[in-house]
Amino acid sequence: MSFDDWILALHLLSAFAYVAGVIVFWVLIVAVRRTDTPDETIRMQPVVRVGTIGTGIGAAGTIVFGIWLAFSFGGYDIWDGWIIAAIVLWAVAGGVGGRTGKEYQKGMDKAKELEAAGKTGSNADLLALNRTQNGLVLHAVASAALLLILIDMIWKPGA
């Protein structure tokens, strides 16, 4: 195997980690929509960490190894339209994904506040924060951008 083959393998593994992290967040979004107590909300925090690590490593790996491949792999250039589209979509997915996290963090912050105050029962405000429509839409947009990247990488339009 050549060095470029190893970089391609790491690029693909990073893409799997990125997609897996986004899927973990979809599972959390579905689970938290029915959660109205501080304890249940806070209990999801370890899974949030796993998703955050997966998307972080995946996003960093895909861009670093992808740009490396664009410069070193024969037949491709960084200014190819499909590569530029992937970089733009990567930036969109990351930016919107970050905003998604901030929307759902409001529910986690409220849960910790309620727990610190000794309020452990159902809370309508917490439920409303956990059911954030903005967060749902933002995550859908980030997921769509990631799906478009995958389509772009598989079919390489214009290559």
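Quick definition before we start: a residue is buried under 20% relative accessible area, exposed over 50%, and partly exposed in between. Keep in mind that this is a predicted model.

**Exercise 1.** Work out whether Leu10 is buried, partly exposed or exposed.

*Solution.* Start with the place: Leu10 sits in helix α1, residues 3-32. Next, take its relative accessible area, 36%. That value falls between the 20% and 50% cut-offs, so Leu10 is partly exposed.

**Exercise 2.** Find the salt bridges and sort out the accessibility of their residues.

*Solution.* A search of the whole structure turns up three.

- Step 1: Arg43 pairs with Asp39 at 3.0 Å, N to O. Arg43 is exposed at 55%, while Asp39 is partly exposed at 44%.
- Step 2: Glu103 pairs with Lys106, their closest N and O atoms being 3.3 Å apart. Both lie in helix α4, three residues apart, about one turn. Glu103 is buried at 16%, but Lys106 is partly exposed at 42%.
- Step 3: Glu113 and Lys110 meet at 3.7 Å, N to O. They are three residues apart in helix α4, so about one helical turn separates them. Lys110, at 19%, counts as buried.

**Exercise 3.** Which helix gives the largest share of the nonpolar surface patch?

*Solution.* List the members: Trp79, Ile84, Val88, Val92, Val137 and Val141, together about 540 Å² of accessible area. Helices α4 (81-116) and α6 (133-155) each supply at least two. The largest share, three residues, belongs to α4. Val137 is in α6 and is partly exposed at 44%.

Conventions: Residues numbered from 1 in each chain as written. Predicted model: local features only at pLDDT ≥ 70, side-chain atom pairs only at ≥ 80, totals over all residues. Heavy atoms only, no water. Patch = residues over 30% accessible without salt bridge, like charges linked within 9 Å, V, L, I, M, F, W, Y side chains within 5 Å. Areas by Shrake-Rupley, 256 points an atom, 1.4 Å probe, with all protein chains shown as cover. Salt bridge = Lys/Arg side-chain N within 4 Å of Asp/Glu carboxyl O. Helix = DSSP H or I, 4+ residues; strand = E, 2+ residues; numbered from the N terminus. Buried < 20%, exposed > 50% of the residue type's maximum accessible area, 1.4 Å probe, protein only.
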